[in-house]
Amino acid sequence: MNVGQLLTELGIAVVTGVLQGSVYALVALGIVLVYRGSGVFNFAQAEFGTVGLFAAYAAVVLWGWSYPAGVAFGLGAALAMGLLTERLVVHPLRNASRVTVLVGTAGVALAAVGVQFWRFNETPIMTMPKIDDGFFVVPVIGAPVTVQQLITVGVLGVVSVGLALFFRSPSGLAIQAAQQEPVASELVGISVRRVSMLTWGIAALLGGIAGILSGPYTTFTAGFLTFGAGRALLPGFMAAVLAGMKSMPGAVLGGLVVGVVEQLGTLTVMSHVPGARAMLLFAFLLGILLLRPQGIFVGRTATA
Amino acid sequence: MTAIDTTTVLPAIDEEVTVSEPDVGFRPGRAGWVGRGLVWALLAWLVLALPVNWFSPFHVGVADIDVLSLAVIYAIGGLSLNVLLGYAGQISLGHQAFVGLGAFASAYVVTNLQLGFWLAVAVAAAFGAAQATVLGAVSLRLTGLYFALVTLAYGTFAEETLFGIAAITGGEGGKPAARPVGFEDGYSYYFLCLGFLAVILWLDRRLTRTKAGRALAALRENPRVAASYGINVKAYTLLAFAVSGMFAGVAGSLMAHHDEVIVGSTFDFQLALLFILMTVVGGLRDRVGVVIGSAFFALLQEKLLVNAVGGVFGSLHLDDFFGLLGELLHVDGIFASGLGIPAEFVGLIVGPILLLLTLTKYPGGIGQQVAPIRLWLTGHRFDRHAGAVTEVEVNDVRA
Amino acid sequence: MRATRTGPLLAALTAAALLAAGCGQKPGVAEMYAGGAAAGAVGGAQPGAAADAGLGGPAGPAGSAPGSAAGATTSGPTGTTTGGATGPGGAVAGSRGGGAGAAGSGASSTSPGGDATGVTDTTIKIGIHAPVTGAAAFPQQSFERAVGVYADYINRKGGIYGRKIQIVFRDDRFDPNSARTVCKEMVEQQKVFMLVGAGGSDQIDACARYANQLGVPYLSGGVHETRPGLGPLSALKTYFAGSLTYEQQVPLVARLVATEFRGQKSAVIMADNDSMDNYYGLQVAAVRKVSGSNLVLARRIPKKTDVDAPSIATQICNSGAKVVVWNASPSGLINVSKSMTCQVTFVGPGNTNGLNIVATGGCPNIDGAMFYSSFPGLDRIDQMDPAFRPAYRRKNNAEPDDIGVATWGNEKLIGMMLQATGKQLTRQSFMATIGRVGRFDNGVFPATDYTRSRFGGTAMHLLEADCGSRQYRTKRLNERP
């Protein structure tokens, strides 16, 4: 194992990690949004993505719809799930302790997995076609990049800018106001209920986008192997923790960092460690929470 | 940094207040005692005789009895999580790792070191307690919700890294774990599991009835107030972790020798959520409810419940007339069962629905539903509202 | 839990107890009670003990009849009545209760010197396990359709010596632990005569070792030959591989690399799974022998490839390899090939990577991949065995897939073995016949030879992925190592 090879592998890991991390950034954005809105750790965030992905897969692959129609259907499914979660779980539990709500969202995730098994157990190996099959190799570093990954990064950029603009618009300001001062907001005519629906709707859409975009990277199957639990939920949460559970730009940056940390597990030096990726993520999370629990990429919106 | 910010987890009945005041001094009459005795006898028959086909019109086969043993083991696992989630108010989304660690420790002792089963159980319990205590120490430095993330990451780490060390765990092919001498067949192993459940239930009762239990209740209510009364918050939180880990280790050990081959991938996130389901739907802090809840989900998960229902219907009349149909329904049980959902996934649909109903509508879970019967059985007057949760506790401290 | 017969008194007692409890099961109990009374009082009151006796019987597979005394009268946990099981009525009763054993081993006309569990005058019960759920499962519907096609076919022709084949199928969830559990259920509760492993090497390993403990014949496609710490599969006295093991395919794969990819750079990628250790060492050595310094990459890969796929793909592309010897999960193959930025050809041993679901998911990236297989592609099966397609259509009213071909082959092989054993069918006579006859050529798989080894495969077919049709096509038949 020489230094040159290690550097090459590191370069590839960083590029691949940033590309993969943009998916986690999208998940993290949804987690931060919900946390700011209702103080809830949303364990169903990744399953919004899976539901979107399975719906899009059904539309595009099984029913032969066009890709845009399939994506729209997937996003619609994710949105519906987000709104249902708000109505059936989050709203009834608005006065319960936050751990109770956390268990509730985990229940939503489990229900989503149950539905996946029910509808999709017939097909054990599912693949979603890429939007574009193209790929190229980054000069010098030698890292492969697929067009699909670039599209994901592009979408992340658009979504980030869109969210930033949205929170400067009247609706966005109303959300921020309701999040900070619910009672006062009600008094000035902002419906906290509508704001909650809006928050969960946007979060579900973010999850859906992440799920649908990451679908073509790998094969997927019903269950937590696809996008939930350790696969995308944990990295998403870690990115949100890096952002202090508050900062939107921090969530984006955090997602990219977590993506790179995860890819370090694929280096040759780690090849004899089983589950190197899971070990790195666990150590990294422990490190952040014990050393800087308030987050790292908190930025100027930290006061929000 | 404060210790525990999340004080209340889920509203549930408090055992000490289940006996309502007017009941004091009530003594059942002769008929009352006979009725209670009959129900007790029936329960005893259900747990002790039916599974081994004594005095039973049903037949419990060698594979069915293994499922019943698993239900007992899951009950121990549920009680383990109940100590953390119910008594200490700490959420664990990595509880499957607690159990798994005990399972592999036990299998290693028996298979690699060639030592006895009883020692293996002790080692598994010790391992479980040790790793839980370490996690507990971490939890003392974190707020409740962040700790949930740590347990999630820990569960994944354990499943993929710890249980992936092939030299110890046998890797994907699994680790053999022979049953103890004298308990090789499923029927005697069932009684072994029952014995362990009894011990765990006794320990659990001891825990809640002693000073430790009262201390835990106080710091669940409000850690700051508890600390001001001189309760050592850290020590009792760690105690809860250690006890929970010990129970989980025992459950893991029993699981390993139950399955006789164990694989790391068994201990995945889905199992963690299953434990949450068992405990919450069973009714937090209600050990009868937790045991019933655990057994219910274990039977649901392992298809026995679905198949038994099918079997009862089948044995009534259906396949006497439609022998071939009955044959198909039974032999290909996986393909049958109603909505086209394989029987082992029924739990995945039913479970979350019950969980959400418990959280939003019936906070006492199964424990609350059976509380009237339980109290009646222990000599109280039958009161349909016994054990009902009168108020929803919301003294939640925001981080 | 299933209804069974028991002493009338006990049934009455429990019925009363249930009545008192108001369980709402009164009709069922009454019915069972009636059945129990009709069956008479022969049924064992303590089936647990009876099960132990039955268990002890077949445990010595080499011995001719250690359990014959128990088997002849009251074997099985239900305590079968000797008279009841002989007629066809007994067989129906057996299948009805999930086959809890009423039609168990107490059959009359079988050899007195052997274990005839699962065999009656009219039926032979066979258990098959395969993963149709779990991390790397096969399509459930494919198995649902495939299982029993040959059994139906042969049963319509009158069965084997008048006995119809009954197939019990169980999902092993791609998990050795579940596999052992379902095998145990099929053997000890369903009382099957023998077991068949239809896929997944670790599950096959776990079940084969279990079956050996109980003396139950076990047949599977060839997988690995040994696992560290657990010893070779060839040491199991009841195990039979129906096709070449991975180790036996080493020369085939090496020759393929040498002839089809002469002078090109090669790589070996294999699952990081201790049952593959032996095969990995042998395969790497063999490829090195034919490729020399052209073997540029040899590594094991983890089970979950979703995160590692890009780095593995990059490593392959950067190594310059043009041919990759692959033996890891099909989903891993698809994931890695999806992340490829170069064109390589995957080759490897049978069977799972040569399934059409891999071609469906992996195309266009895996175009031209060549995998050995014990069964031919759909393009050749009609010439090799014209009976297959009509039989499949007849059972399922659908067009066959390759899992149908594989299962047909397995069931047909077993059918030939049962035929060769003759009327006097016991587990002992069955296994002795396999070793004595040795050669079974079912026209689907290459012929077997069990006279020298339990790994009876002699050759493999070679399949090639054709991404035009998204299927594997048969490239060559019967390649011998």
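**Exercise 1. In which sense do strands β12 and β13 of chain C pair, and over how many bridges?**

Solution. This is a predicted model.
- Step 1. Locate the strands: β12(C) covers residues 345-348 and β13(C) covers residues 370-373.
- Step 2. Read their pairing. The sense is parallel, over two bridges.
- Step 3. Pick out one pair. C:Val347 has C:Met370 in β13(C) as its bridge partner.
- Step 4. Trace the chain from β12(C) to β13(C). The path runs through helix α14 (residues 356-362) of chain C, and this β-α-β crossover is right-handed.

**Exercise 2. In which sense do β13(C) and β14(C) pair? Find a residue that stands opposite C:Tyr372.**

Solution. 
- Step 1. Strand β14 of chain C spans residues 460-466.
- Step 2. β13(C) and β14(C) pair in the antiparallel sense, over four bridges.
- Step 3. Opposite C:Tyr372 stands C:Leu462, in β14(C).

**Exercise 3. Sort the residues of β13(C) by the way they point. Are they buried or exposed?**

Solution. 
- Step 1. Recall the rule: in a regular strand, side chains alternate between the two faces of the sheet.
- Step 2. Apply it. C:Met370 and C:Tyr372 point one way. C:Phe371 and C:Ser373 point the other way.
- Step 3. Check burial. All four residues, C:Met370, C:Phe371, C:Tyr372 and C:Ser373, are buried.
- Step 4. Of the 481 residues of chain C, 64% count as buried.

**Exercise 4. Give the strand order of the five-stranded open sheet in chain C, then explain why one side of β3 and of β8 has no neighbour.**

Solution. 
- Step 1. The order is β3-β2-β4-β5-β8 (chain C), with parallel pairing.
- Step 2. β3 (164-171) and β8 (239-241) of chain C stand at the edges; each has a single partner strand, so one side of each lacks a neighbour in the sheet.
- Step 3. From one strand to the next, it averages 25°.
- Step 4. β2(C), residues 123-130, pairs with β3(C) over eight bridges in the parallel sense. Here C:Ile126 has C:Ile167 as its bridge partner in β3(C).

**Exercise 5. Which element gives the largest share of the side of chain B that touches chain A?**

Solution. 
- Step 1. Count the contacts: 44 residues of chain B are in contact with 43 residues of chain A.
- Step 2. List the elements of chain B that give two or more residues: α5 (144-160), α11 (269-282) and α16 (346-360).
- Step 3. α5(B) gives the largest share, twelve residues.
- Step 4. Class the residues on this side of chain B: 30 are nonpolar, nine polar and five charged.

Notes. Residues numbered from 1 in each chain as written. Chains lettered and ligands numbered in written order. Predicted model: local features only at pLDDT ≥ 70, side-chain atom pairs only at ≥ 80, totals over all residues. Pairing = 2+ DSSP bridges. Axes fitted to C-alpha atoms, helices over the stretch in contact; angles between N-to-C directions. Buried ≥ 20, exposed ≤ 12 C-beta atoms within 10 Å, placed from the backbone. Contact = placed C-beta atoms within 7 Å. Nonpolar A, V, L, I, M, F, W, Y, C, P; charged D, E, K, R; others polar. Right-handed = clockwise from strand over helix to strand, strands pointing away.
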